[in-house]
Amino acid sequence: MNTNITSRLIPGIGRHPFPAYRGSDKYIFVSYAHKDKDIVFPEIARYQYMKYNVWYDEGISPGNEWKEDIAEHLTNSDLFIIFLTKNTAESENCRIEFYCALNNSKPIIPIYMEDFDTLPVDDEWKRDLSEIQGILMTTLDEEEYIFKFTEAFQKFGFRYGGIEMDEARQRKLLEELEYYDDAPWKRVTLFIDGTFIDSHAERDYLLREVFPELIMWCRQRRIHLTYMDLRWGITETETNDGIFKSIFERIDKCSPFYLCLLGQFRGWVPDFDNDISAETAERYSKIARMEGMSATEMGIEYALARSRHLIFLHRNPAYLHDLTDAQMKIYTNAYLEDEQAIRQSDEKLAENYQRLRALKELEDRKPLDERKNIQIDDYDCQWNREKEIYELKPASMANGTTRFDSDESKGMLTNFTCNGQPLKDVIIEQVKEAILMEFPEHMAVFSFEKEFTDEITVELANYGRSQNEMEIGFSVSDIHIENDFCYQSTVATVQHPKYDGMIRKYLKNDDNRICLVSGDEGYGKTTLLSNLAESLKDDPNVYARFCGISKSSSDIYSLWTSIIVEAMVKNEKTRFYSYPLNYFDLFSNFNQILNELSLYGDTVIIIDGADHLDRIMEFLKIVHTLPKNMKIIVSIENDPQDESYTSRLNEVKSGENIYSIELEGLTRDEEKALIISEYLDLYGKRLDDHLLEKLCSLKYSHNPLFLKIILSELIDFGSYDHLTEKIESFEYSLSMAFNRILERIGDDYLDFAYHMFFLFEVDFTLSPEYVAHKISRIMETSDEEAKSKVNSMLVELDDFVRTNENGCIFLNRSLKNAIKKRYG
């Protein structure tokens, strides 16, 4: 066989995918027939993506210079690869190159792109090929083929440019990821019962002092805690009979948790003949035994039958001597005026209290697994004449009268204690105990190592002959932060069914474009994508990232490398061949990265808030066609104020690789009313029609976020009489609506609010612990008090701010702007 390659090569030209390697490190020589360039070039491009140094005939000018160039590179190469097809077998150049490599003792790897037996090679070439172990592409799937050639290349000193994770570390990370699923999120709703008019102070105390700490405590244990406080929420159009059905339904909805406030005011006693219908009596069979009870006593009786964890808080009467006659009619049965009726009501209160005590003693004697958890505590309070109850301020009624006299709002119950300690501590411990009895698997705090930084071997062919290593930071904690945010974004939100249907249709069809969801601030992009991700969470290859929520979603490179490693861990793979080493690598090889991810099976990648990422427009343009079994859904916020940004975004939306879904505002009052009603229903509340119409008529009510801002305030608002005034106060823009919340928090928390928002205005990512510590030093108060106040304020902003171990995340641009304007 003549091995003088320079004198025997026949010229030919091909269209090359990348420049052939021309450095001094080890490289692979690729031999192929130019007629096969359409099937060979994707393969050698794959080698390039995987950081192998590759030299191939890229179609340089024919002639002696061309022949000498090929001969020189073949002679200096460290590995010879030949792609074998019918065209290769008929190519004199390929035959010459093969025998030159064979006679120069080059390592050879034949890659058969067609069956060996069908190739028209002569007996000599067939014999020589059969003695060399090759790779039969026709018998391997994609992943097997990649494994085969990387193993073969490695035998000859060529290490791929991806990452390799040892199996022990892979199993460790998988255990940490699966730990998240051992105790999935639970929802706990606590029903707050009792008379309304006399318990505004206690109810506000629960909302400001008790629930913030409980909500934080529950969140650490993957429990979402809410409450139902019905100071308003039952509409004026509901009959007395309907009121009972509503209360009983809400107690059932909150079961098994129930809390009742008891004082010296018995409240309304229904007339069974006129107030209870036959239908209600039949539906609630035990209601017949409740005749003669007050509405509150009926609720207690129903809860005793339906709930397992009941907390009763009884107010001691020592405060009464400080009340005026008008106030006595609010806090006691003196409103009845008839002495006998007052005495009978007082006796019924005492009788009910003693009955509860007896029931507790009876339950406590039962076996632990059979008893109800009943807690009864007496608490003390003081009357503060300087304070005022907003809910008791005079309010104009529809008939032109006012409900309260001006003096009735003067003074307020404060300083709640139980056996010498703050009442909130008693309540918090009792609620915690009840929750852990119900969900013992959530007893432990769900915390994770701050960072898993693995010493993952990275094989870099283009760095020379030596093996190199680099550390790849992969934070399991970040994945849990992302997943927790996803879940929390599905709670107390209502999404538009139209857009959910459009995305699910995209997931089912053969569309190989990126789905780009865009819309103005507050139009529901995060709600839409988090609900989608949560519904798909049981699918193994669904990866959701919410940009800026964790370090792993703070930039494009971190986002995609975290997805790659998560995919490796979930699919128990120890290698990823096209792992990008930097931004340039990511953008250059992105399509190959997607192809390799798709090898793990049907894949859905969800990226919310992509406008927080640098170079996002460039990224959205580089994907031409997604792999057949992959879907990518990206949300991005419109910014009508930025003309340059809008122009670039519109260019992206019009691209052939983009399926664009543009979220619109709410245009019909029916849509608004549906969203409002469904949101309020989560808290057991309803609005009267005239209030619903008032809310839907506001200028910015087309924006779901604007509605959510108002509704989040109304949920904790205690006065039905002042609802119209409260709603009308929000007729502004998003920033001004947020400013209303800041104004109210400032009034409630005074200097604590000022210092907290001032610190956040400087840096919105500060941790609550750091902010509380700084406030305690500025105000010369205890760390505990400062932490309690900061947590309370953040919980009141819970729909718009997220906290995690990395700090605070303010979710809305308009909220940040409102804070800057007010405190900057």
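1. Quick definition before we start: a residue is called buried under 20% relative accessible area, exposed over 50% and partly exposed in between, using a 1.4 Å probe and protein chains only. Strands are DSSP runs of E with at least two residues, helices are runs of H or I with at least four, and both are numbered from the N terminus.

2. Some housekeeping. This is a predicted model, where local features need pLDDT of at least 70 and side-chain atom pairs count only at pLDDT 80 or more, while totals for chains, interfaces and linings use all residues. Residues are numbered from 1 along each chain as its sequence is written, and side-chain values use heavy atoms, with hydrogens and water left out.

3. Back to strand 21. In a regular strand the side chains alternate between the two faces of the sheet. Here both faces are covered: M630, I632, V634 and I636 are buried on one side, and K631, I633, S635 and E637 are buried on the other.

4. Who are its neighbours? Strands count as paired if DSSP finds at least two bridges between them. Strand 17 (residues 514-519) pairs with strand 21 in the parallel sense over five bridges, and G519 has E637 as its bridge partner. Strand 20 (residues 603-608) also runs parallel to strand 21, joined by five bridges, with I605 opposite I632. From strand 20 the chain crosses through helix 23 to strand 21 in a right-handed β-α-β crossover (clockwise from the first strand over the helix to the second, with the strands pointing away from the viewer).

5. Now the aromatics. Rings of Phe, Tyr and Trp (its six-membered ring) pair if their centres lie within 6.5 Å; planes under 30 degrees apart are stacked, over 60 edge-to-face, and the rest tilted. The structure has 44 such pairs. In one of them, the W560 and F619 ring centres are 5.9 Å apart with planes at 45°, so this pair is tilted. It links distant parts of the chain, as W560 is in helix 20 (residues 556-570) and F619 in helix 23 (residues 616-622), 59 residues apart. Both W560 and F619 are buried.

6. Two lysines are worth a look. A charge sits over a ring if NZ of Lys or CZ of Arg is within 6 Å of the ring centre and within 35 degrees of the ring normal. K26 lies over the face of F158, 4.6 Å from the ring centre, and the charged end of K685 sits over W232, 4.6 Å from the ring's centre.
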